[in-house]
Amino acid sequence: MSGFEEHTRWQAERRDAVTSATGNLALVETRWTGALPDLEAERAAPPATVQVTRVQRTDLDTGEPEHGLRFWDADSPAIRAFDRIDTYAYDPAWVLEGRFTPVDGDRTVPFEHIRDNGGTRDLVVPGDIRLELDGREYTLAAFDDGGTLLLVFADETNGAETYGSGRFLFVRLRDDAGSVVLDFNRAFVPPCGFSAQYNCPLPPVSNRFPLPIRAGEKNVVFRDGFDIYAA
C-alpha cells in the first residue's frame with residue numbers, strides 16, 4: 001500500500017473516531033466532583049444517547065488526585081453540525097526521520113494547559129527526540145500517552161491556516177536503536193478543537209517551530225456557523 005493510500009485510510013479512521021459515540025465531538029460535559037463519584041448512579045439518569053465515564057486529574061493547588069465525570073452524547077450538537085476536518089494534501093516530503101534518546105527514570109516537563117489559566121501540569125517525557133528540519137536541529141519533548149510518544153507542537157500556520165493553539169502528532173518508534181518517524185501528514189487537531197470540554201496541553205517552547213508545517217489536519221469545519229464554545 002502506498003503512502004497516499006495509507007494516509008487516505010488514516011483520514012477515514014479519524015473521521016470515524018471523532019464522530020463515534022465516545023469520540024471527540026460527543027463530549028458535552030466534564031464535571032469535576034473532587035471525591036470519587038458514584039458512576040452507577042450517574043449512568044442511571046442520562047438519556048439513552050449519553051454515556052458517562054470517570055476522569056481523573058491532579059489538582060493544581062494541592063497536588064492531590066481530583067475525580068470527575070465525562071458525559072458523551074452520541075447525538076451531540078457538535079456531531080450533528082460536523083462537516084469535515086479540513087486538511088492539507090498528502091506530501092511525502094513531510095515524512096521525516098529523527099532520533100529518540102531515552103532518559104533514566106521518569107523525567108517530567110511542565111505543560112501549560114488550555115483551560116488552566118496559565119497553570120502547568122507535569123507530564124512524563126521519557127526522552128528527547130532530535131529532528132533536523134530546514135537545516136536546523138531541534139530537541140523535542142514528546143510525552144508518554146499510554147505507551148506512545150505524543151508530540152504537541154506549534155508552527156507558523158497556527159491561527160491562520162491551522163488550529164490556533166497547535167497540533168498533535170504521534171511519533172512512531174522504528175527500531176530499538178532509537179530511530180523514529182514523524183509523519184507530519186498525520187498531524188491532527190487536538191480534542192479541544194472538537195469540544196470545549198477538553199483541557200489540552202499546549203506546546204512548550206522547545207516544540208514551537210519558527211516555520212510553517214503545511215501538512216496534516218488544519219481545522220474542524222462545522223455547518224451553519226456552529227461554535228463549540230457557544231454550544
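These notebook entries record what I looked up in a predicted model of one protein chain.

**Entry 1: the whole chain**

I began with the overall make-up, and I noted that the protein chain has three helices and 14 strands. Along the principal axes, its C-alpha atoms fill a box of roughly 55 × 45 × 30 Å. I then looked at the radius of gyration, which is 19 Å for the protein chain, and I wrote down that this agrees with the value near 17 Å that a compact globule of 231 residues would have. Of the 231 residues, 45% are buried. I also looked up how far apart in sequence the contacting residues are: among contacts between residues at least 6 apart, 66% join residues at least 24 apart.

**Entry 2: the sheet of three strands**

Next I turned to an open sheet in which three strands follow the order β1-β3-β2, with antiparallel pairing. I marked β1 and β2 as its edge strands, since each pairs on one side only, and I noted that neighbouring strands of this sheet are turned by 25° against each other on average, direction ignored.

I followed β3 on both of its sides. Strand β1 (residues 27-34) runs antiparallel to β3 and is joined to it by six bridges; in this pairing I found Gly-34 with His-67 of β3 as its bridge partner. Strand β2 (residues 50-58) also runs antiparallel to β3, and here nine bridges join the two, with Gln-51 standing opposite Trp-72 in β3. The strands β2 and β3 form a hairpin with six residues between them, and in the turn I noted Gly-63, which has a positive phi of about 80°.

Is β3 enclosed or open to the outside? I found that eight of the nine residues of this strand (residues 65-73) are buried, so β3 is largely enclosed by the rest of the structure.

**Entry 3: the sheet of seven strands**

I then traced an open sheet of seven strands, which has the order β9-β8-β5-β13-β12-β11-β10 and antiparallel pairing. Its edge strands are β9 (136-140) and β10 (142-145), each of which pairs on one side only. On average, neighbouring strands in this sheet are turned by 35° against each other, direction ignored. Within the sheet I looked at β12 (residues 167-173), which pairs with β13 in the antiparallel sense over two bridges, and I saw that Arg-172 stands opposite Val-181 in β13.

**Entry 4: aromatic rings**

I counted the aromatic pairs and the total came to eleven. The rings of Phe-153 and Phe-184 have centres 5.3 Å apart and planes at 85°, and because planes over 60 degrees apart count as edge-to-face, I recorded this pair as edge-to-face. Phe-153 lies in strand β11 (residues 148-153) and Phe-184 in the loop between β13 (179-183) and β14 (217-222), so the pair ties together parts that are 31 residues apart in sequence. Both Phe-153 and Phe-184 are buried.

Phe-153 has a further partner in Phe-209: the ring centres are 6.1 Å apart and the planes stand at 70°, so this pair is edge-to-face. Phe-209 lies in the loop between β13 and β14 while Phe-153 lies in β11, so the parts tied together here are 56 residues apart in sequence. I checked burial as well: Phe-153 has a relative accessible area of 0%, and Phe-209, at 3%, counts as buried.

Which residues form one cluster with these rings? I listed Trp-94, Tyr-138, Phe-153, Phe-184 and Phe-209 as one aromatic cluster.

**Entry 5: Trp-94**

Leaving aside neighbours within four places in sequence, I found Trp-94 in contact with several residues, including Leu-133, Leu-182, Phe-184, Pro-212 and Arg-214. Leu-133 is 39 residues from Trp-94 in sequence, yet the two are 9.9 Å apart in space, C-alpha to C-alpha.

**Entry 6: charges over rings**

Last, I looked up charged groups placed over rings. The charged end of Arg-57 sits over the ring of Trp-32, 3.9 Å from its centre. I also noted Lys-218, which lies over the face of Tyr-88 at 4.6 Å from the ring centre.

Notes:
Residues numbered from 1 in each chain as written. Predicted model: local features only at pLDDT ≥ 70, side-chain atom pairs only at ≥ 80, totals over all residues. Heavy atoms only, no water. Contact = heavy atoms within 4.5 Å. Buried < 20%, exposed > 50% of the residue type's maximum accessible area, 1.4 Å probe, protein only. Helix = DSSP H or I, 4+ residues; strand = E, 2+ residues; numbered from the N terminus. Pairing = 2+ DSSP bridges. Phe/Tyr/Trp six-rings, centres within 6.5 Å; stacked < 30°, edge-to-face > 60°. Lys NZ or Arg CZ within 6 Å of the ring centre and 35° of its normal. Axes fitted to C-alpha atoms, helices over the stretch in contact; angles between N-to-C directions. Rg over C-alpha atoms; globule rule 2.2 N^0.38 Å.
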